[in-house]
Amino acid sequence: MRITCPVCGERDRREFYYQGAAVALDRPLPDANEAAWDDYVHLRENPAGVTRDLWYHEAGCGAWIVVTRDTVSHEVLGTMLAADVRAEAGA
């Protein structure tokens, strides 16, 4: 699988460290209730199809990247710096 780093360009996936679903970018506020934190820490979807994952460009520039991909075909549909995704979400 090839991943396009927005900083370095297209690279082999072995340069990246998979962190998991990009829900980590949707962290609750520090004063959120216990149920919100429980959901954030313990409940994860595992869909077949299009997902957004968080990857770290470990053997490259060190950027955190949100990768949109299809878990069935392994096709990478797009990449974006995690900082830009957070900025678009207003965080």
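Two strands are said to pair if DSSP finds at least two bridges between them. Strands are DSSP runs of type E with at least two residues, numbered from the N terminus.

The views show a predicted model, in which local features need pLDDT of at least 70, side-chain atom pairs count only at pLDDT 80 or more, and totals for chains, interfaces and linings use all residues. Residues are numbered from 1 along each chain as its sequence is written, and side-chain values use heavy atoms, with hydrogens and water left out.

**View 1. The open sheet of four strands.** The strands follow the order E3-E4-E5-E6, and their pairing is antiparallel. E3 and E6 (76–81) are the edge strands, each pairing on one side only. On average, neighbouring strands are turned by 30° against each other, direction ignored; the axes behind this angle are lines fitted to C-alpha atoms, and angles run from 0 to 180 degrees between N-to-C directions.

**View 2. The pairings within the sheet.** Four bridges join E3 (residues 17–21) to E4 (residues 50–56) in the antiparallel sense, with glycine 20 having leucine 54 as its bridge partner in E4. Seven bridges link E4 to E5 (residues 64–70), again antiparallel, and here tryptophan 55 stands opposite isoleucine 65 in E5. E5 and E6 pair over five bridges, where valine 66 faces methionine 80 in E6 as its opposite residue.

**View 3. Two nonpolar cores.** A nonpolar core is a set of buried Ala, Val, Leu, Ile, Met, Phe, Trp, Tyr and Cys residues joined through side-chain atoms within 4.5 Å; buried means under 20% relative accessible area, with a 1.4 Å probe and protein chains only. The largest core consists of seven residues: Ile3, Cys5, Phe16, Trp55, Ala63, Ile65 and Val67. Strand E1 (2–5) and E5 each supply at least two of its residues. A second, separate core has six residues, among them Leu25, Leu54, Val66 and Ala82.

**View 4. The largest pocket.** A pocket is an open set of points, on a 1 Å grid over the protein atoms alone, where a 1.4 Å probe fits, with protein on both sides within 12 Å along at least five of seven lines; lining residues have an atom within 4 Å of a point. Of its 15 lining residues, the closest to the centre are Ala21, Glu45, Pro47, Thr51 and Asp53. E3 and E4 are the elements that give two or more residues to this lining.

Key. Buried means under 20% relative accessible area, exposed over 50%, partly exposed in between (1.4 Å probe, protein chains only).
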